[in-house]
Amino acid sequence: MISKNRQSVEAFSGPLHIFLSVDGYVRLSGQTLYTVRFTHLISGLDEFAMTDAPSDANQNTISGYTEWVSETTPTMTLGWDWLLTTGSGHALCQRQGVPRSNIMVTDEYQNTDLGPVMSITLLERLIDAMPWQKQVWHSITNRYI
Amino acid sequence: MHIISGSRQNLSDGLYEELAAYRYQVFVEHLGWQLDTIPGHEADQFDRDDTVYVVARHNDGKISGCARLLPTCRPYLLGEVFPELLNGLPAPHSPAIWELSRFTAFDSNGQVKHGAGQFSSPVAVSLLGESIATAARMGAQRLITVSPVGVERLLRRAGFHAHRAGPPMILGGHPLFACWIEVADASALVTSTMRIQ
């Protein structure tokens, strides 16, 4: 199904309706988005942030980024920043800032974009429901230790 | 600091050779890129007569940063070497789309910020702004660049409208991705950004 408002390269992933458009966005409905499985690609530490940190920077925080990709064709990419804080014997790893992706969420009929703001909101909900922290921690310790 | 731009024949005498030596120092010697190039002179098949260079220089004339602009209607780095970063889409081919490459800000103290950090300094932001303005004068509406992961968020923090063209891939041990930079939004930012004199 090709949107009447834009050109698309038809690329279906099984029963999922996921379209790669000529503008680079991968379009899918919110309903479909929450059925997609993302796998970990790479995570890293904010090396530049560490070197540029002010002298009074909180030494109990570590920040970095993580990148995930979908197991679909076309491929969807989802990346975000994270912050690990420690204190009182506890460590908390949280998403920071807005996610980065090539995803544009559409309405259920895939005729209308929900727009970047709503897409980001839905991606944030998706990320926050994913058990990503363990994978990121494992990747960081393997890469840097 | 001042920034100039132009094709090889428009650069002042000796500047192109200086630029090639500077690029060798930065990309080969400091960043360790495995490039097939003459020692002391970094150039590849995309350094052509129609290639546009943006060069930042200290007041003493020493080069402090550079960028390379290529029209996508002729062979360019992403299209020829890294098309897999476009997620299956054909490489752009348009006079309104230019590629930004060989971007670096190497300061006078010999400190180069590489990877994602190369976009974080004020000099880098000014150089990027001038690169975008130069491309815009030549008709570009969008730039595309192959960059390390992390550049996208730095560009956004600096106020540029940047977004990924496809998923990152691990190439040469480094996660790289193709990044769009929207020129129209950036031009407004450049006019409001104080340039380093």
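Mentor: A residue is called buried when its relative accessible area is under 20%, exposed when it is over 50%, and partly exposed in between (1.4 Å probe, protein chains only). This is a predicted model, in which local features need pLDDT of at least 70 and side-chain atom pairs count only at pLDDT 80 or more, while totals for chains, interfaces and linings use all residues. Residues are numbered from 1 along each chain as its sequence is written, chains are lettered from A and ligands numbered from 1 in the order in which they are written, and side-chain values use heavy atoms, with hydrogens and water left out.

Trainee: Why does Asp113(A) count as partly exposed?

Mentor: Its relative accessibility is 28%. That value falls between the limits of 20% and 50%, and therefore the residue is partly exposed.

Trainee: Why does Arg27(A) count as buried?

Mentor: Arg27(A) has a relative accessibility of 5%, which is under 20%, so it is buried.

Trainee: Which residue does Asp81(A) meet in a salt bridge?

Mentor: The partner of Asp81(A) is Arg100(A), with 2.9 Å from N to O. This pair links distant parts of the chain, with Asp81(A) in strand S6 (residues 77–87) and Arg100(A) in strand S7 (residues 90–101) of chain A, 19 residues apart. Asp81(A) has 10% relative accessibility and is therefore buried; Arg100(A), at 4%, is buried as well.

Trainee: What makes the pair of Asp44(B) and Arg102(B) a salt bridge?

Mentor: In chain B, the side chains of Asp44(B) and Arg102(B) meet at 3.2 Å, N to O, which lies within 4 Å, so the name applies. Asp44(B) is in the loop between helix H1 (15–30) and strand S2 (52–57) of chain B, and Arg102(B) is in strand S4 (residues 97–105), 58 residues apart. Both residues are buried.

Trainee: How many salt bridges does the structure hold over all chains?

Mentor: The total is 23. Four of these are between chain B and chain A. One of them pairs Arg164(B) with Glu67(A) at 2.8 Å, N to O.

Trainee: How many residues of chain B are in contact with chain A?

Mentor: Contact means heavy atoms within 4.5 Å. By that rule 21 residues of chain B touch 28 residues of chain A. The two chains bury about 1,800 Å² between them, 59% of it on carbon and sulfur atoms; buried area is the accessible area (1.4 Å probe) that two parts lose on being put together, summed over both. Leu89(B), Arg153(B) and Arg164(B) supply 35% of the area that chain B buries against chain A, more than any other three residues.

Trainee: What makes the side chains of His40(A) and Ser43(A) a polar contact?

Mentor: A polar contact is a pair of N or O atoms within 3.5 Å; within protein, one atom must be able to donate a hydrogen and the other to accept it, and residues adjacent in sequence count only if both atoms are side-chain atoms. The distance between the side chains of His40(A) and Ser43(A) is 2.7 Å, so it lies within the limit. His40(A) is located in strand S4 (residues 38–45) of chain A. Leaving aside residues up to four places away in sequence, His40(A) touches Thr66(A), Glu67(A), Trp68(A), Gln135(A) and Ser139(A).

Trainee: How many helices and strands are there in chain A?

Mentor: Chain A has four helices and eight strands, while chain B has five helices and eight strands. The names follow DSSP runs, helices being H or I with at least four residues and strands E with at least two, numbered from the N terminus. Buried residues make up 45% of the 145 residues in chain A and 57% of the 197 residues in chain B.
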